[in-house]
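This report concerns a structure with several chains.

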Amino acid sequence: MLLNWDLISGAVVLGIFTGGIYALMASGLTLTFGVMDVINVAQGALVILGAYLSYAVEQHLHIDIFLSLLITMPAMFLIGMLLEVAFIRPLKHERTVFSILVTFAIALVIEGILGKIFTTNFVQLGANAWYVNQSFKIGGTYVGYIYLFGFVLAAVLLAGLYLLLYRTRFGFALRATVENRTAAQLIGIDVERVSAITFGIGVSLAAAGGMAFGATQTFDPGSHYDLISRLLAIIILGGMGSLAGAMIASIFMLVVFNVTSVVYSPTWGTVVFFVLLSVVLLVRPQGFLGRAEARRQ
Amino acid sequence: MSMLVVQQAAKRFGGIAALDGCDLEVREGEIAGLIGPNGSGKTTLFNMMTGYGRLDSGTVTFRDSAISRSSPRKVFGLGIGRTFQLTRIFPRLTVLENVHIGARRRGLIASVRHWKAGREHQRALESLDFVGLTRLRDARAGSLSYGQRKLLEFASVLAAQPSLILLDEPAGGVNPTMIELMAAKIRQLNQNGTTFLVVEHNMSFVMDLCHRVTVLHRGKTISHGEPTFVRRDPAVLEAYLGD
Amino acid sequence: MTAIKLALLGLLLAVAIVFPHLFGNATVTLVAFFALLYATMASAWNILAGYTGYYSLGHAAFFGIGGYAMAILCQDYTIQGGYGAFYLLPVCGLIAAAFAVPLGIITLRTRRHVFVVLTIAMLFIGQLLAFNLLGLTSGSNGMILPLPPWIGAAYNIPFYYTALALLVLTMSTSFWIRRSRFGLSLMAIRDDEDRAAGLGINTWLHKLIAFVVPAFFLGMVGATYFYFQGQIEPQFAFNPLDDLAMALMSFSGGLGTVLGPVLGGLLIEGAQQYFALTSGVGGNYLILYGALFLAVILLMPRGIIPTIAAIWSSYREKRNDQQASASPGEASNSEALGVAEGTSR
């Protein structure tokens, strides 16, 4: 088989750009797990919800989709806090496992509601925006501006997240909670408040990710299944709870995906990724940067 | 004759050396004690001997077979039972079911039969009777008091009829009556041929019960011998008083 | 007590057997058929989730694999519609179980919550492959299964009895596991896996068997389901809603019990089919299912039936207490009991 190196280098660049967008969506997921031991299976559905919110703002208020984030991100932050208080906080026993069940149900409810409002036809964001329709040449291939812009957006927001985590009092409280929930409580950190805000941040990052996702491909209310299985695979691969791991794994996965897509077909991109995930888990069940299983007893 | 021998065991957790070349010997038929100040590595050594972790270096030998790399299941299969400092029982099973887990026989035929079938049932009932929990046999294990849980954990180990039993703080956090009861049970089993290794904080409990005592300090063995000897060993006094 | 229970079950079985003769209406037998199938699925799912404590959100994949096995076998060996096709069910179950072995080995290597996540991925990989292995599954076009020769109301009857047989088989297996030494070991794994290993249980093998056994039953259920439907498509074969359904039915009926998931399945699927046939709701399923599930998990995590039973028994106790308030010495807590027990020996 003759390999076209221009195509492959293009796929690598595209993989890095889309990997950034996935990192945005996955960071919320892994952060929530780190802070609350909660796996939010609804993250995919929330990404799609974010995309539809941007879509609604674009269609009805005629606002540019990047500017729409000024509306959708705060709105999704509130939705996230609300979900945490209503559905996650009451879970007391076997929290992680039950959080998966509960958020799975939330995802289906969101899918159902979106289907009722927006129908199940595929849509795409920014259909008239120049950066969605125009491309620039890099290496030997053309890449749409939206991928670059999406990547820049992800980089800016993730840098903001980094500053929030390492330069603010809230960030300190959050990191303390990740380290040891009980100890954090003992030194006077309001762990429940930290949890609600963290969940809100995770969901608002999903909104930003959703906008970029919706501008780079078409979607419908059912798109969240594929998305969440990729996101979950990313955070498992990166090591549950590790932010850096999630970013590395996002880029790794999307590069693998894009390269396989151009070499074989898009279908096998996803399959190859899951096969890789299985292989990694057989060798290293805790993922790339995950902590080994806590010392027993 | 020695039954369990630990030689030059070392284990680090991050930068901390939990075990730093310690030695231990348990002889057939004795009640051995393992003491040491907090953080001296007693529980770590216990875990390493029973397959709950791997030594960085050193060896553990049980009746001439090396077990330092064996799984907990393998160690149990060789006839070593253990209890935990923070008692581990199966909270949603009944008391009798808990004991049956220990008494359980392996093999396909045994697995597909009713859990109460076979001779093990008798053994489970005897163990339960031995620790005095017969009246609670149908209670959920999770509803037991702390002391009762210790007895239950002990009973489920006994039901397997191991030749060596490792007890991690059997007298920790239980009332004086229960402590005496525990000591009596251990002596009784020992007379019938079971060997014991007991980790304990309660000094009088160890000194009264054990035939020989090993003292750990900062991951090293600093003294071993009969209780009367260890009690007067200057190294031991320094370890306990010096810190 | 058990004799009464057995007699009651026998009576229920007898009712189930004569049921289609009493209510021959096609709508009624259709609802009953689906209720029995989903009760079987919940009962199978419960073997892994309820007894072993490993919640799989991907076992619907084996339902799909069973369905495709049926479709492909019928196509390749040109099997005609009729009773003969039912003989393929165990084969379909075995094929699903054969897929479950490697998948179980991979997914069970991880901790419980990662396991759940991996099983979700397992379902979607299955769907993805079904969409794309065109030579095997015809992708999104789907496959046609042989058309059974029964017409009108008679169409449902063989399927009804097949579903009933599957339910009886699954329930018996579940019941037997619950009472066996194997099942006891599974429940020990559920409570404390490390300790179970430390008491000599081969946790790896136990978990794998508990993973594969439901796959076998789900494979047979899937084969029956799609034989009944006459066609199979990837999105229905590998449907995440089926995973939620099994979890919802088991949780609401009472996870870890033999009867709970079956009752949950009969009631929820029966109600759903009834409403679907009478009101014809489409997208509302998702919302309804999700909302019901949230309500059950948050308000009655032990299940609807056990919760009601607990309320009933506490009500009865209270009434008895009022009647017997003259003899207060009777109610001793287990702690006091145990200490007395310990010292007396």
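This is a predicted model: local features need pLDDT of at least 70, side-chain atom pairs count only at pLDDT 80 or more; totals for chains, interfaces and linings use all residues.

Residues are numbered from 1 along each chain as its sequence is written, while chains are lettered from A and ligands numbered from 1 in the order in which they are written.

| Residue | Phi | Loop in chain B |
|---|---|---|
| Asp64(B) | about 75° | between strand 4 (57-62) and strand 5 (65-66) |

Asp64(B) is not a glycine, yet its phi is positive. Helices (H or I, at least four residues) and strands (E, at least two) are DSSP runs, numbered from the N terminus.

Which of the terms buried or exposed applies to Asp64(B)? Asp64(B) is exposed, because 8 other C-beta atoms lie within 10 Å. Glu169(B) counts as buried because it has 22 C-beta neighbours inside 10 Å. The cut-offs are 20 or more other C-beta atoms within 10 Å for buried and 12 or fewer for exposed, with C-beta atoms placed from the backbone.

**Chains A and C**

In chain A, 37 residues are in contact (C-beta atoms, placed from the backbone, within 7 Å) with 32 residues of chain C. Helix 4 (95-118), helix 10 (224-238) and helix 12 (266-283) of chain A each supply at least two residues of the side that touches chain C. Helix 4 of chain A gives the most to this side, with 16 residues.

Note on methods: Two residues are in contact if their C-beta atoms, placed from the backbone, lie within 7 Å.
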